[in-house]
Amino acid sequence: MKANLIHIFKPGCHTTMAGEAIEFTEADLAATAGAYDPKLHEAPLVIGHPKTDDPAQGWVLTLAANARGLFAAPRDVEPAFAEQVGKRRYGKVSAKFYRPDSPNNPAPGVWYLRHVGFLGAQPPAVKGLDDPAFADDADDCVAFQEPVEFADAPA
């Protein structure tokens, strides 16, 4: 079973949970994807936005970017969590990033992915992302509200 890419972010002006508006360009997201290195910091898949990233429900193997946004390739996803996402218990995602100038940023100078939060009842701040799915095996997925197409690598 091949893992799907998860649409985690898109270019545009987005407002943080603290109310700060930040503009993200396609170039910013391409830099984020290019800088991502699990050996520096492997971004976990988590429920919500916990203060700590424990427990992880899976991990981000790689990132890819295109004009639609930033996509994460998941790995080691907990089967029970994948089932809950498939049932839309956690039907939306929200990415959390290290700021380019953060002293904790593993790749200073770019927005670096800290984690991908899966949201239940809380709507995401960034609207219009594809609904997440972990596998392309139709038996493991449910029908989504909008058609979603995932590719091996976004063009």
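**The sheet and its aromatic pairs**

Analyst: In this predicted model, Ile 6 has Ala 72 in β6 as its bridge partner. That bridge belongs to the pairing of β1 with β6 (residues 69-75), which is antiparallel and runs over three bridges. As background, strands of a sheet pair through backbone hydrogen bonds, either parallel or antiparallel.

The whole sheet is open and has six strands in the order β1-β6-β5-β4-β8-β7, with mixed pairing. β1 (6-9) and β7 (92-98) are the edge strands; each has a single partner, so one side of each has no neighbour in the sheet. From one strand to the next, the twist averages 40 degrees. Helix α1 (residues 26-35) lies across β1, β5 (58-66), β6, β7 and β8 (112-119), and runs at about 140 degrees to β5.

Next come the aromatic rings, which form seven pairs in the structure. One of them is the stacked pair of Tyr 36 and Tyr 112, 5.6 Å centre to centre with 25 degrees between the planes. Tyr 36 sits in the loop between α1 and β4 (44-47) and Tyr 112 in β8, so this pair ties together parts 76 residues apart in sequence. Both tyrosines, Tyr 36 and Tyr 112, are buried.

Phe 81 and Phe 118 make an edge-to-face pair, at 5.1 Å centre to centre and 85 degrees between the planes. Phe 81 is in helix α2 (residues 79-86) and Phe 118 in β8, so the parts tied together here are 37 residues apart in sequence. Phe 81 is buried, with a relative accessible area of 2%, and Phe 118 is buried too, at 1%.

Finally, Phe 9, Phe 24, Phe 97 and Trp 111 form one aromatic cluster.

How values were computed. Residues are numbered from 1 along each chain as its sequence is written. This is a predicted model: local features need pLDDT of at least 70, side-chain atom pairs count only at pLDDT 80 or more; totals for chains, interfaces and linings use all residues. Side-chain values use heavy atoms; hydrogens and water are left out. Two strands pair if DSSP finds at least two bridges between them. Helices (H or I, at least four residues) and strands (E, at least two) are DSSP runs, numbered from the N terminus. Axes are lines fitted to C-alpha atoms, for helices over the stretch in contact, and angles run from 0 to 180 degrees between N-to-C directions. Contact means heavy atoms within 4.5 Å. Rings of Phe, Tyr and Trp (its six-membered ring) pair if their centres lie within 6.5 Å; planes under 30 degrees apart count as stacked, over 60 as edge-to-face and the rest as tilted. Buried means under 20% relative accessible area, exposed over 50%, partly exposed in between (1.4 Å probe, protein chains only).
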